[in-house]
Every structure is written in C-alpha cells, then in structure tokens.
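Here is a short briefing to read alongside the structure. Keep the viewer open and follow the residues as they come up.

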Amino acid sequence: MKHSYQFKWCFLMLGAMIVGYSLVKLGDTRELNIKHFLTLAVLIVLNVFPSWIVQAYFKQVHLPAFVRNARLAISIIAGVIIALMINYLCALFVPDNLRIPDSSLLEPTFTDFLRRLINSLFLVMICYGFFNIIYTNDILQKTRLENEHFRQLHLRAQVLSLQQQISPHFLFNSLSILKTIATDPDTKKFVVQLSHVYRYLLNVKERDVTSLEEELSFAQAYLYILHQRFENALVVTIDIPEAYYNYLIPPLSLQLLMENAIKHNNVSIEHPLQLEISIQDNAKLVVKNSLLPRKTREESTKLGLQNIAGRYKLLFRKEIEIIKTSDTFVVNLPLISHESYYH
C-alpha cells in the first residue's frame, strides 16, 4: 500500500508547501510565532493529505463498468467534498489564539462558500496532477523493466531450446540431404521428424506466442525422437480436442516440460515414465508425469519452469499452476484465446 499510494512524494510535497507558505505567511518577523507556524503546518497536512489519499485511491480502485469512464470526475468531486468539509472544520475549531494573522474566519455567506470551494478545487487539482505524473512515470518504469525482463526471458528460452543449434540452417540443410540419400525407411522417418523439430525451432525463434496446434505438431515430432531413444520406457498420452487448437501458448512450453520430466525421472522398461497431455474444462493445458526420481538426482536449476512462468506473467498476466504429489508432477498452463490476446 505504501508504494501504490506514493506516500514519499506526498510528504515531500507537504514539506515544500509548509516551507513555502511559512515564508509567505510568516515572512514578517513581527508576526513570527511558533504556535502560528505549527498551526499552519497542521492545517496544510489536514487539507493536503486526505486529498492525496482520495486521488490515489480513485486512480487505482476497480470501478463498475458504468462509471469507469467518469473516474476523473468522481475522484475530483469526492476530493473537493472532503477538502471542503475539512476546510470548514478547521475554520470552526481552530482557537483564536492559534489562528494565523489575516486568516479568514468562517462566514455563513455564499461568497465565503464559493471562495472555499475554489480553494478546495485548486488543492485537489494540485494533488491529482502531482499524483498522476508520479503514477504514470511509475507505470512507464515498470513497463520498461517488464520489457527488459521479457527480453531476457526470450533470450534464455532460445539458449535453453536451441543449445544444439551451432549453425541451425546448416544443420537443417544437412538433414534435408540426409533424408534424400537415406535408403532405410526408419532412418528416413527419423530424419523427417528431426527436420520437423528444427524447422519449428527456427520458425518460432522470434515469436512470442504460437497456436496449440503448432505446438502439438512439434511435440509429436519431438516425442518420436524420444521414443527412438527410450522405446517402451516412455509412455505418452495426448488428449486434446480440436476445439482448443487455435488457443495460444508461449512456444516450446511443451518441449521444456517434457525435457524436465525426462531429466528428473528414471526412465526404464521396468518402470515406464507416464506422460499425459490433456485439457481441463477451464481451458487449461495439463502436462502430467509420473514421479520416478533418479537415485542420483541431477541438480535442478528450475530455469525451464521459471522461463515458462515468466513468459506467462509478462505476456498474458497469468500464472501457471504447479502441483506435486507423492507420485505425480503436474503443470497447468492457461490457454489464451486469440480475442483476449490480440484485442
């Protein structure tokens, strides 16, 4: 709360106003009085601080849709009403011996009300303008930091996913030649699937999001290669209705989760690693694997999960869900529709 309401700047503004008004009101040494100075300071705090709180509150509070466009008017009106009430209370209850020389007394006239109303409006507008500048600058700084953070995550994703791409185009072209000259059908199929993997890696290199259909197509090619290595020691079940194919996720999310599952679990014919990819009713992609911890555990950097979580937060303002039990490890990835992302 302290950060969102920017109290530091409020106190700096109060200090500047107190010093400024003191120089004006108490400039004449014949009228210099410590009681008057303290009264002046208290009056400024009582007027400015509530106005600042009101403007800060309405700048951030969630309003109903039918009044959202009137946020500025509502905040100013509320601020003026509160400032006017405080103005009248100060005029009523400040003792005569503490009253600053030449300060106005409360007069039950329309002119006195109008003058106090204008003073309150002026005070509220100062608070609104000052807070709005600070709030906007704070948002811009956060945006710049988020953009830089996302850029770092994007680079890290490329490092994690393209570690073997010393010269990706050369390797891809070499695979195409190998596919042509290979005579064994299994070898041809393996080369084709490996080509699909590298083609996808090249295509998504500069993209922030990809469709679930493209990600699944890549996952099938990647799984084919894994099956050639692990054979029946890896059992994968994919159950994704076509209705979800157009939803969006960060590219290579599935690959990172599958890689993590294999990296941290024992994969053997005696105890096959079970991997399930499915959809929850609330449009979440569920990646679930059985837990078969290695006897000699490889130290986890958690960069894969951190990368996925960071991209979800920066791109979609969403959180991934990680559920670990005694025998399963589950990661739930929110699926994002085209409409919500591009509009």
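## Salt bridges, sheet and helices

The side chains of Glu 321 and Lys 284 come together in a salt bridge, with 3.6 Å from N to O. This pair ties together distant parts of the chain, as Glu 321 sits in strand β6 and Lys 284 in strand β5, 37 residues apart. Please keep in mind that this is a predicted model.

**Salt bridges**
- Searching the whole structure turns up 2 salt bridges.
- Glu 321 has 33% relative accessibility, so this residue counts as partly exposed.
- Another salt bridge joins Glu 214 to Arg 207, where the closest N and O atoms are 2.7 Å apart.

- An open sheet is built from 5 strands with mixed pairing, and their order is β2-β4-β5-β7-β6.
- The edges are taken by β2 (234-239) and β6 (321-324); each has a single partner strand, so one side of each has no neighbour in the sheet.
- On average, neighbouring strands of this sheet are turned by 15° against each other, direction ignored.
- Strand β7 (residues 328-334) pairs with β6 in the antiparallel sense, over 4 bridges.
- Across from Ile 323 you will find Val 330 in β7.

**Helices across the sheet**
- Helix α7 (residues 212-230) lies across β2, β4 (273-280) and β5 (284-290), and runs at about 165° to β2.
- Helix α9 (residues 303-316) lies across β6 and β7, with an angle of about 25° to β7.

**A buried methionine**
- Met 13 belongs to helix α1 (residues 7-25).
- With 8% relative accessibility, Met 13 falls under the 20% cut-off and therefore counts as buried.
- Leaving aside residues up to four places away in sequence, Met 13 touches Val 48, Trp 52, Ile 126, Cys 127 and Phe 130.
- Met 13 and Phe 49 are 36 residues apart in sequence, and their C-alpha atoms are 9.7 Å apart in space.

**A nonpolar surface patch**
- Phe 110, Phe 113, Leu 114 and Ile 118 make a nonpolar surface patch of about 390 Å².
- Leu 114, one of these residues, is found in helix α4 (residues 110-161).
- Leu 114 counts as partly exposed because its relative accessibility is 37%.

Key: Residues numbered from 1 in each chain as written. Predicted model: local features only at pLDDT ≥ 70, side-chain atom pairs only at ≥ 80, totals over all residues. Heavy atoms only, no water. Helix = DSSP H or I, 4+ residues; strand = E, 2+ residues; numbered from the N terminus. Buried < 20%, exposed > 50% of the residue type's maximum accessible area, 1.4 Å probe, protein only. Contact = heavy atoms within 4.5 Å. Patch = residues over 30% accessible without salt bridge, like charges linked within 9 Å, V, L, I, M, F, W, Y side chains within 5 Å. Areas by Shrake-Rupley, 256 points an atom, 1.4 Å probe, with all protein chains shown as cover. Salt bridge = Lys/Arg side-chain N within 4 Å of Asp/Glu carboxyl O. Pairing = 2+ DSSP bridges. Axes fitted to C-alpha atoms, helices over the stretch in contact; angles between N-to-C directions.
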